[in-house]
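Notes are in the order I looked things up.

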Amino acid sequence: MQPGLPPLNWLRAFEAAARHLSFTGAAAELNMTQSAVSQQIKSLEGHLGQPLFYRRPRTLELTTTGLIYLPVVREAFRTLRRGTRALLGPESNVLQVQSNITFAIYWLAPRIGRFHERHPDIRLNIRTELWEPRDMAEGADVEIRYSLNPAPHLNARLLRKDHYYPVAAPDYAVTLDTLAEQPLFDCSNLMCNWPSWAEEQSLFWPNPHITYCTTYSVSMAIAAGGSGVALAHDTIAAGLLQQGKLVPPFDLRVAMEEAYYILLSTQAQDMPAAHAFVDWLEEEMHLFETELEHLRP
């Protein structure tokens, strides 16, 4: 083992790769090539004299050494961030926000101007990811997560629990009897899906044609284009319904298992900007409920 601390960029590559369990995912986040991330990990492993990952065909798996080292590295980065914020002082009002991508596009983006009008001194850095991290998103002060039940240690607050239902283009011809024969679209890896919705309606679908997308943004765009029927829920679909780009062919709504949660990081507990943003989110969500009353049949 070589003496001294490893370079910071090696540690950043390790932490990102461990969070994504993918060199490719880490490379995209760090704006590097996959081979550069892989080389930095190899250099770190050489420095430590021990492997940090098992390289599987489609993913990575942390070795025992990697599992032990990861929390050490994460805590070191947290200490650096806390120290930097303390050095910059209270004038530093930059808030790191991570959001579910479809929520950010269809709910947060149309309303974010109202937050800036109320808090012109707070600057938001908003980033999105397709899949939720295992723990609080690294580097985020506030996270908006679409999830079943966040772990208790994540300090999650329920933001909204919706109902889900089919949506289609306004001129798309479909009835409940012909629905199973249509091209159906959905977001993958969710509890609230076409089979669960059909079961709630006592429908027997032996072999429906379902195309799964990695995000609701894609499946709803396909439906709005008139190519089939997608599942959606109020938080992400209300704007498109209001604009007339989507309509619910029938009023058959089912309560969702997943919900939207707000997560506040440990370092953000004493950040007035973080609490201002969370309070604004909850206030906007109450206003949104009022807006929905005018959209529902």
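**Overall.** I am working from a predicted model. I counted the secondary structure first: the protein chain has nine helices and twelve strands. For extent, I took the box along the principal axes, and the C-alpha atoms fill roughly 70 × 50 × 30 Å. I then checked burial: of the 297 residues in the chain, 47% are buried.

I looked at α1, residues 8–20. α1 has 13 residues and spans 18 Å from first to last C-alpha, close to the 18 Å expected at 1.5 Å a residue. Its buried residues are Trp10, Leu11, Ala13, Phe14, Glu15, Ala16, Ala17, Ala18 and Arg19; I noted that Glu15 and Arg19 are on that list.

Just after α1 I stopped at leucine 21, which has a positive phi of about 50°. Leucine 21 is a residue other than glycine, and it sits in the loop between α1 and α2. Is leucine 21 buried or exposed? Its relative accessible area is 16%, and the cut-off for buried is under 20%, so leucine 21 counts as buried.

I then compared the axes on either side of that loop. α1 and α2 (residues 23–30) come within 8 Å of each other and cross at roughly 125°. The two helices are therefore oblique to each other, and their crossing is right-handed.

**Helix α5.** Next I took α5, residues 101–118, with 18 residues. Its end-to-end C-alpha reach is 24 Å, close to the 26 Å expected at 1.5 Å a residue. Where is the kink in α5? I found it at leucine 108, about 55°, shortly before proline 110. Leucine 108 is also buried, as are Thr102, Phe103, Ala104, Trp107, Arg111, Ile112 and Phe115 in α5.

At the N-terminal end, I looked for a cap and found asparagine 100, with a side-chain oxygen 3.2 Å from the backbone nitrogen of threonine 102.

For packing, I checked α5 against α8 (residues 234–242): the angle is about 40° and the axes are 8 Å apart. α5 and α8 are therefore oblique to each other. α5 passes α8 in a left-handed crossing.

I picked serine 196, in α6 (residues 194–200). Serine 196 is buried, at 18% relative accessible area. I also took its separation from methionine 32: 164 residues in sequence, and 40 Å in space between C-alpha atoms.

Serine 202 is in the loop between α6 and β9 (210–213). Its phi is positive, near 60°, in a residue other than glycine. At 68% relative accessibility, serine 202 counts as exposed.

**Helix α7.** Last, I went to α7, residues 216–224. What caps its N-terminal end? Threonine 215 does, with a side-chain oxygen 3.1 Å from the backbone nitrogen of serine 217. Serine 217 is one of the buried residues of α7, along with Tyr216, Ser219, Met220 and Ala223. After α7 comes glycine 226, with a positive phi near 85°.

Definitions and conventions. Residues numbered from 1 in each chain as written. Predicted model: local features only at pLDDT ≥ 70, side-chain atom pairs only at ≥ 80, totals over all residues. Heavy atoms only, no water. Helix = DSSP H or I, 4+ residues; strand = E, 2+ residues; numbered from the N terminus. Expected span 1.5 Å × (residues − 1). Bend = angle between axes of the 7 residues up to and from the residue. Buried < 20%, exposed > 50% of the residue type's maximum accessible area, 1.4 Å probe, protein only. Polar contact = N/O pair within 3.5 Å; in protein donor to acceptor, adjacent residues only side chain to side chain. Axes fitted to C-alpha atoms, helices over the stretch in contact; angles between N-to-C directions. Parallel < 35°, antiparallel > 145°, perpendicular 65-115°, else oblique. Left-handed = near helix turned anticlockwise from the far one by under 90°.
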